[in-house]
Amino acid sequence: MNLPPFKLERYFAKYEFNAEYLLCSSDCEAMSIADLLALEEDAAEKFQNVWLGYTESQGSPALRKEIPKIYQTIQLQEILIHTGAEEAVFLFMHAVLKAGDHIIVHTPCYQSLTDVARSIGCDVSPWRAREENNWALDMDEMRKLLRPNTKVVIVNTPHNPTGYLMSRADYDALHNFVQENNLLLFSDEVYRESEYDPTTRLPAACDIGGHAVSLGVTSKTYGLAGLRIGWIATKNKKIYESMASIKDYTTICNSAPSEFLAEVAMRNRGKLVERNLGIIKANLTVMDEFFTRYSSLFAWVRPQAGSMGFPKLLHGDIEEFCDTLVRQAGVLLLPGTMYNDTGNHFRLGLGRKNLPQAVERLEEYLKA
Ligand SMILES: Cc1ncc(COP(=O)(O)O)c(C=O)c1O
């Protein structure tokens, strides 16, 4: 296994805990354990009594009973809990892929969606989101990427970093293509339930058939990244069993306190979503106004879902711009180059409460 440095995580490691304003976070505003426990009358007392032994490797039954409520047809035994979505990505790739396999990946993307497969010796074809099409994917382009050794298609919708949400027609065409060609679909749905218009929400891939694996996590839409609780949902027993078996070599089981807190969170996820979407929508208004004022400096494709957008800096070099901004004004933006993007874009985070103050600081910097 030969894993390259994770560019985005290394960039964050440099600045995340010393920049005054994080204006590029992918997760929504977090909360304290006390605030989470306050969502249920007896949760604080129950939390005190959580047993600190090993937990069930597949995840606690109580948590696995809550998660299927996000889905239509998924049962408790079709949920496998992981330490974050990141562990699930790693285990999926190791369970399904071998050297010489080919995969097609929605690009730009969270780096592990390509690089874990590359580290196994797979060929990766990027399936590119196009800015000129409002970051949509072209179904014909995907069809042309098919090879005899293609095994998996990976999509991420709602998308990190563009906030693109696939149309229902394209989504159906994608599932048909995967099924017709006996492929697997790994559907990274960690931003699901953050659609600005709930009628645009897509069905979870795992509900459509055993060709698909859905990835979920408490970190993003629900704003609880510190729990490090992610999961896969799938009707595909073979993949489920292989991932469960490899998990014995990574984390064995999850953190018991986190599983309890995640159970409370998922039972109350409606409240968490309402709070976080409220923050995102208020921030979108601030950003729409900002980009109207600065239309000569930036181009902005408004996201349709999630806690991010991927605007373009029209003049100058994006890495230099982000570097000077964080050093001189304490505002962190993430250059698109961390995703190997060559279009001078940067990631903008929409999920944090202090976005208006961060934008004020950015504006002072631009005016100086
Ligand atoms: C698309 C996508 N998938 C997976 C992950 C990993 O999530 P986590 O850090 O909660 O494990 C992220 C995190 O940014 C992400 O954006």
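## Ligand contacts

A polar side-chain atom of Lys220 is 2.6 Å from an oxygen atom of the ligand, a polar contact being a pair of N or O atoms within 3.5 Å. The ligand alone exposes 390 Å², of which the protein buries 94% (Shrake-Rupley areas, 1.4 Å probe).

The model is predicted: local features require pLDDT of at least 70 and side-chain atom pairs pLDDT 80 or more, while totals for chains, interfaces and linings use all residues. Residues are numbered from 1 along each chain as its sequence is written, and side-chain values use heavy atoms, without hydrogens and water.

## Ligand shell

The ligand is surrounded by 14 residues, the closest being Asn160, Asp188, Tyr191, Ser219 and Lys220 (a heavy atom within 4 Å). Helix α5 gives the largest share of this shell, 3 residues (helices are DSSP runs of H or I, at least four residues; strands are runs of E, at least two).

## Largest pocket

The ligand takes the space of the largest pocket (more than half of its atoms lie within 2 Å of the grid points). The volume of this pocket is about 540 Å³, that is, the space filled by probe spheres set on the points. A pocket is an open set of points on a 1 Å grid where a 1.4 Å probe fits, with protein on both sides within 12 Å along at least five of seven lines; lining residues have an atom within 4 Å of a point.

Helix α5 (84-96) is among the elements that supply at least two lining residues, and its 4 residues are the largest share.

Terms used. A polar contact is a pair of N or O atoms within 3.5 Å; within protein, one must be able to donate a hydrogen and the other to accept it, and residues adjacent in sequence count only if both atoms are side-chain atoms.
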